Amino acid sequence: MQVRDLIRHSDGRGSLMELFRHEWELGCEVRQWNVVDSRAGVLRGVHVHVTHWDYLTVIAGTLLLGLHDLREDSQTAGLSCFLRLDGDSPRAVSIPPGVCHGFYFPRATVLVYAVSEYWNPADELGCRFDSPELGLEWPETAPILSERDRAASGYDEMRRLYRDLVSARAGAP
């Protein structure tokens, strides 16, 4: 995972901020850009990808980004943390495959993110945001969730599916 402070150049007309430069070496090649706007109290996720990277920044508002590393060969395997992203102090985060992530928006927020592969529902594994195994204490116990996130399975099921898919990819010719 990488975190990069972004620089906003402002004058009397407004501002300009570079979101991405090819030379920044994100660890992936960007295939698709997306914009999400969320109301206050929304939580999206928690989910993990087997094949694609996410690269994200908050344009306006605030995001509490919950992270949990499922990668067994990682120095941070099993660890969890929160990062706060705020439109007033912009920075960008790249999240590699195998790192679970959830997005909590304490206020209305606009999030811009890129992915290294086109969206594929088979690469979107999820679990309940409040699964204790994640080690993430969200500030809201009853956030606004999508139907999919409300019906998400538990952590063990997500981890099993992730391991199976990683093993299948490793054995693929």
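This is a predicted model: local features need pLDDT of at least 70, side-chain atom pairs count only at pLDDT 80 or more; totals for chains, interfaces and linings use all residues.
Is Cys-81 buried, partly exposed or exposed? Cys-81 has 34% relative accessibility, so it counts as partly exposed; the cut-offs are under 20% relative accessible area for buried, over 50% for exposed and partly exposed in between, with a 1.4 Å probe and protein chains only.

1. Residues are numbered from 1 along each chain as its sequence is written, and side-chain values use heavy atoms, leaving out hydrogens and water.

2. The cysteines. A disulfide is a pair of cysteine sulfur atoms within 2.5 Å, and by this rule the count is zero. For Cys-81, the nearest cysteine sulfur is that of Cys-100, 12 Å away. Cys-100 is in no disulfide either, with the sulfur of Cys-127 nearest at 6.1 Å. At 1% relative accessibility, Cys-100 counts as buried.

3. The sheet. Five strands form an open, antiparallel sheet in the order E8-E7-E10-E5-E12. Strands (E, at least two residues) and helices (H or I, at least four) are DSSP runs numbered from the N terminus, and two strands pair if DSSP finds at least two bridges between them. E8 (80–86) and E12 (125–126) stand at the edges with a single partner strand each, so one side of each has no neighbour in the sheet. Six bridges join E7 (residues 62–69) to E10, and Leu-67 has His-101 as its bridge partner in E10.

4. The cores. A nonpolar core is a set of buried Ala, Val, Leu, Ile, Met, Phe, Trp, Tyr and Cys residues joined through side-chain atoms within 4.5 Å. The largest has 18 residues, of which Val-46, Val-48, Leu-70, Trp-138 and Met-158 touch the most other members. Strand E5 (42–48), strand E10 (99–105) and helix H2 (155–171) each supply at least two of its residues. Apart from it lies another core of 15 residues, including Leu-56 and Phe-105.

5. A histidine to look at. His-49 sits in the loop between E5 and strand E6 (54–60), and is buried at a relative accessible area of 3%. Leaving aside neighbours within four places in sequence, its contacts (heavy atoms within 4.5 Å) include Pro-97, His-101 and Tyr-162. A polar atom of the His-49 side chain lies 2.8 Å from the backbone oxygen of Asp-123.

How values were computed: A polar contact is a pair of N or O atoms within 3.5 Å; within protein, one must be able to donate a hydrogen and the other to accept it, and residues adjacent in sequence count only if both atoms are side-chain atoms.
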